[in-house]
Amino acid sequence: MKVEHVPRLRNWGNYPSVPAEVTTVETALEAADFVRENETLIARGNGKCYGDAALGKTVLSTLQLRQILDFDPQNGMINCESGVLLHDILKRVVPFGWFFQVTPGIKNISVGGAIACDVHGKNHPTKGCFSEWLESFELLQSDGSIVHCSKTENKSLFWQTCGGMGWTGVILSARFQLMPIQSLDMRQYAVQAPNLEHLFQAFEQHQHWTYAAAWVDTLAQGAAFGRGVLYLAEHWEVPDEQPMQYPASPQKNVPFYAPSWILNPLSIRIHNAMLFSGAKTAEQKVNLDRYFYPLDRIENWNRMYGRRGFIQYQFCVPERQAFDGMVQILQTIRKSRDMPFLSVLKRHGERPESAINSFPTKGYSLALDFPRTKTIFELVAQLDEIVWQLGGKIYLAKDACSAPKMGRIDPKGFGDPKFSSLLRERISSGK
Ligand SMILES: Cc1cc2nc3c(=O)[nH]c(=O)nc-3n(C[C@H](O)[C@H](O)[C@H](O)COP(=O)(O)OP(=O)(O)OC[C@H]3O[C@@H](n4cnc5c(N)ncnc54)[C@H](O)[C@@H]3O)c2cc1C
């Protein structure tokens, strides 16, 4: 067990930060003792949520719970400790022809984090969230006992924990189903949409593609308002001739925090124009790692937003209101002084009734990265109101400053007060 005093513990958005005592446990027994001894604590995986979810004064890090306990190459079932990173799973399973059924756009996250946020990918309409493929997990509770949770055993606790942001206990290990693949390549096709209407039409027309996500030019005006590029993909169906080895992605690094002026209206406009006109619309073969995890290729890219950090605002709105809602959101942003740098639009499928805490609901979600300026909180408050009126919600994995109601989750309705993060305190206080 290692104890470290961290003067400023942060997640990926670099905002907020908190002085924390981080205890890294190496066994389930150590974790149980730690949980029994502390009045409140929060579990932390790799800190790749954006806002204040994995932050607190007392933190239990799972990163040394990193054993793959069992992997069956015949049926693609894997059982591992909760601190194992998706990246390490890929190295083990890809050579046997397996990949994740559902993966977020980052592989440097832990299995515990994937469950606690019930992460989704670019294939949500067909594959749902991570929980869809999760068979069971072991959960450490506040009295130090360990319970086995599955869709049939301790069912209610199972569903409260998926997307429950760590508020039900510490996930120690999990068993889940992988998906067979034939190749390390993907077949990718891009559709350039000259405005938002065309972009929505493109999503609807290409529903048969398994993977779909679009970049939106949030600054384009007039006839080009809401233009974007929809990227569609399928796994390559012809088996690779060579044995599949998961590639170690070559990494570039942002070595220091960028000065805050780097992201300005002009540089963002130039960046957007390049993304739009540079999109390759012919069908092409792309490497699986490059397709799923493009941002992982640049280490510390979050430093590009400078020391003050950034806010990722991701919301999901029901299908019927989605187009009008996106228009309202983009117009509100245009009127503000704040400009998002990155944006990702995704289409989502139905949320299973039992998945009470999962983020996506049938409709569309948009994720926007804003540098943290003096005025950003004001803008977030305006966006919150629009999303709320549309019957939508925000993704708590990204949240740092939205109104407490926006996750449509009530911390008093489930979980155990012992497992408390800054996020949970903020939402519970109603401020
Ligand atoms: C570049 C980037 C792209 C992303 N893309 C996507 C995406 O496409 N889809 C998506 O859904 N998400 C996405 N995310 C969000 C990310 O997948 C989630 O926030 C994920 O939970 C991070 O995992 P982590 O191990 O870093 O967890 P942390 O950030 O450490 O923790 C996240 C939450 O999980 C809880 N938690 C962690 N481990 C445990 C445990 N063992 N037991 C109980 N609770 C635990 C924490 O308390 C916290 O509430 C992205 C993030 C980044 C930085």
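How far from an oxygen atom of the ligand does a polar side-chain atom of K346 lie? The distance is 3.3 Å.

## The model

This is a predicted model, where local features need pLDDT of at least 70, side-chain atom pairs count only at pLDDT 80 or more, and totals for chains, interfaces and linings use all residues. Residues are numbered from 1 along each chain as its sequence is written, and side-chain values use heavy atoms, leaving out hydrogens and water.

## Contacts with the ligand

In Y395, a side-chain N or O atom sits 2.7 Å from a ligand oxygen. M165 uses its backbone: an N or O atom there lies 2.9 Å from an oxygen of the ligand.

Taken alone, the ligand exposes 970 Å². The protein buries 97% of that area (Shrake-Rupley method, 1.4 Å probe).

## The shell around the ligand

Strand β3 (42-44), helix α3 (111-116) and strand β10 (170-180) each give two or more residues to the shell. Helices here are DSSP runs of H or I with at least four residues, and strands are runs of E with at least two.

The ligand is surrounded by 36 residues (a heavy atom within 4 Å). The closest are A43, G45, K48, S110 and Y395. By type, the shell holds 20 nonpolar, 12 polar and four charged residues. Ala, Val, Leu, Ile, Met, Phe, Trp, Tyr, Cys and Pro count as nonpolar, Asp, Glu, Lys and Arg as charged, and the others, Gly among them, as polar.

Key: A polar contact is a pair of N or O atoms within 3.5 Å; within protein, one must be able to donate a hydrogen and the other to accept it, and residues adjacent in sequence count only if both atoms are side-chain atoms.
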